[in-house]
Amino acid sequence: MDVVAQYLESSEPSNSEHLWRYTPWKRVHPLGSFSNIPDSVISPKAKLSYLDGTEVKNVCLEKSELNISTNKNDPEISASFIRALCGGVCHKLVIPKNTIIEQPLFLDLNVSGYVSAFHLIIENMSNSKFELITSIHGDAEWFGLLREGKIDTSSNFSDLLVNQMSVSSTLLRAENFILQNNAEMNSATLSLGGSNCKSDLRALIQGKGVNYNQRIAMHGIEKRNDDIHLRIVHEASNSNSRVIAHTICDDSSKNTTTGKLIINEGAQNTDAGQKFLNLLLSDSAKANSIPELEVLANEVLASHGASSAPIDENQLFYLRSRGLSLEESKAIIVEGFLMSTFLDFPSQKLIEWAQTRLLVHLDCRLVV
Amino acid sequence: MSAKKASLLEISNLHVSVEGTPIIHGLDLVIQLGEIHAIMGRNGSGKSTLANVLMGHPAYEVTDGKISFLGQDLFELSVDERAKAGMFLSFQYPMTIPGVQVGNFLRKSVSAVNESKLSAKEFRILLKEKMNDLQIDRSFLSRYVNDGFSGGEKKRMEILQLLLLNPKLAILDETDSGLDIDALRLVSEGINVAAKDSGCLLITHYQRLLDLVKPDFVHVMIDGKIVKTGNSELALEVEDKGYDWLEA
């Protein structure tokens, strides 16, 4: 079956589904109609390098034909739509066995045109370790990014994705990572760009002794809609997962964070938690945070929590008493709130890069 | 004949309410440059309210009275304008600002108050010197502002800011609380340095701070009013006799 047929064989998701309740598929689709597939799709300019721009040795971004092998945790409609847009072509990033890459890899995705899409497959082979920064920027009206991968036995993947798309863009992001025995994945997202963003991020913990850590910082301004869904399935015992999402909601922006944590029968001694915090800067801003737990194993630690609050007047007073203007004080609180999402994140180089991008973003906002 | 000292702060007939409840009822106080004033009083007597009103906390409503700071109407200045004009409040309970590193915060604050007159190099030198004076470790700079700080660390952080910002009027709201004797000595040395060419308003419950920072005037506040003013002997008397004898 080809990728287009596979997409068309599925049906439009219902708004009653947890995943599509707040941002329905119609709003995410570039043409607003389920069965229409845009015929002119531009692949982004993709460049893999080290952070200083030098060429990467030993690994490369390889374009290849897609061999569809979805699994039960596949992000369904989002994934099959992006596969269809990419026409069965994907890019592979393979980190060979026993390979440790000391410097972070930098994947620059410059997106343009009316509809753009990119399918990345990451294979982190056993006992390998690497860090990846993905920067999405450009003025595409619509961009779809599908990232799939396997984090193999005893391998380690640290990941930062920064969305800096132009203010009118729509982003559909789908992810599915499978983690094997003793694998570790630390993933961070800084979501700043675009006016309409929908993400469906999934992890399937198949191995024992896995550590999966997902941090998401989102900045909602103007009429920006950022809707992120996380689905983490624990299938094996003695694994940990953590999700921390911090959202700033300003102006008339809207944020939705839904999380589904499933701990299956065999996943004894799982330690899993989800925490969603929202800082509301405007009366017109909205934040929905809905963590969900489905626990089928007996011996587990599972927690979830969510809270929304305005900026603390006493924090503002403290900062202003140190000479900072109201706008500067708000900016420093916003920066701190978003950066505290990444507290204790194992890769400092990734977080320093994220902080630089965040400061530029906030400075631009202050100037405006 | 000595020249008349410049007037730093003049408060006359100050009335303040919080959420409709009157807290300060007609307070008068004048502080001249170079003077150290101490305010003592029971919990709830209005001492911290006065400190917050002076710095401009929005929760406090001034219902009557006037305050001038260096000849300017204080109520015309926003909180940050007061800081830039040379007013500093050391908080009784300093706020935690998660995700904001101390070093960055101090740099921004000094830059704002001095309107960027200090170069990055000059700031680093100044910061190192003041941190050494207060025996603060360099690792402090990469921590988040007051996040996970002990009581003593928070107070030292406040005094570090006092020394860096070099204000004309330092208002210290129970800066001595939660400090062990060594930390109190360090903090007091910092206050004495800062108070040399400026004015200082100390709010405290305890004589032990006033042994180390000698006030020119001691005021006792009861029910939102200054009921007695004296010299440092008054603080000793309060320590000995409590406040009952001062009530009308």
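Predicted model: local features only at pLDDT ≥ 70, side-chain atom pairs only at ≥ 80, totals over all residues.
## Helix α8 of chain B and what covers it

Let's start with the cover over α8(B): its buried residues are covered by elements of chain B that include β3 (36-41), α7 (207-212), β11 (217-222) and β12 (225-230).

Which residues of the helix are buried? In α8 (residues 232-241) of chain B they are Leu234(B), Ala235(B) and Val238(B). Looking down the axis of α8(B), you will find these buried residues within an arc of 105°, so they line one face of the helix. After the helix comes Gly242(B), with a positive phi near 80°.

## Where the chains meet

How many residues of chain B are in contact with chain A? There are 20, and they touch 20 residues of chain A. On the chain B side, three elements each supply at least two of the touching residues: α2 (79-85), β7 (97-101) and α3 (102-113). Sorted by class, this side of chain B has 13 nonpolar residues, along with 4 polar and 3 charged ones.

For the complex, the predictor gives an ipTM of 0.95 and a pTM of 0.89.

## The fold of chain A

Chain A is built with 6 helices and 18 strands. Its radius of gyration is 20 Å, close to the 21 Å that the globule rule gives for 368 residues, so chain A is as compact as a globular protein of that length. Along the principal axes, its C-alpha trace spans about 60 × 50 × 50 Å.

Inside chain A, buried residues make up 49% of the 368. Among its contacts with a separation of 6 or more, 86% join residues 24 or more positions apart.

## Confidence in the two chains

Chain A has a mean pLDDT of 93, with 97% of its residues at 70 or more. For chain B the mean pLDDT is 91, and 97% of its residues reach 70 or more.

Note on methods. Residues numbered from 1 in each chain as written. Chains lettered and ligands numbered in written order. Contact = placed C-beta atoms within 7 Å. Helix = DSSP H or I, 4+ residues; strand = E, 2+ residues; numbered from the N terminus. Nonpolar A, V, L, I, M, F, W, Y, C, P; charged D, E, K, R; others polar. pLDDT = per-residue confidence, 0-100. Rg over C-alpha atoms; globule rule 2.2 N^0.38 Å. Buried ≥ 20, exposed ≤ 12 C-beta atoms within 10 Å, placed from the backbone. Arc of directions from axis to C-beta.
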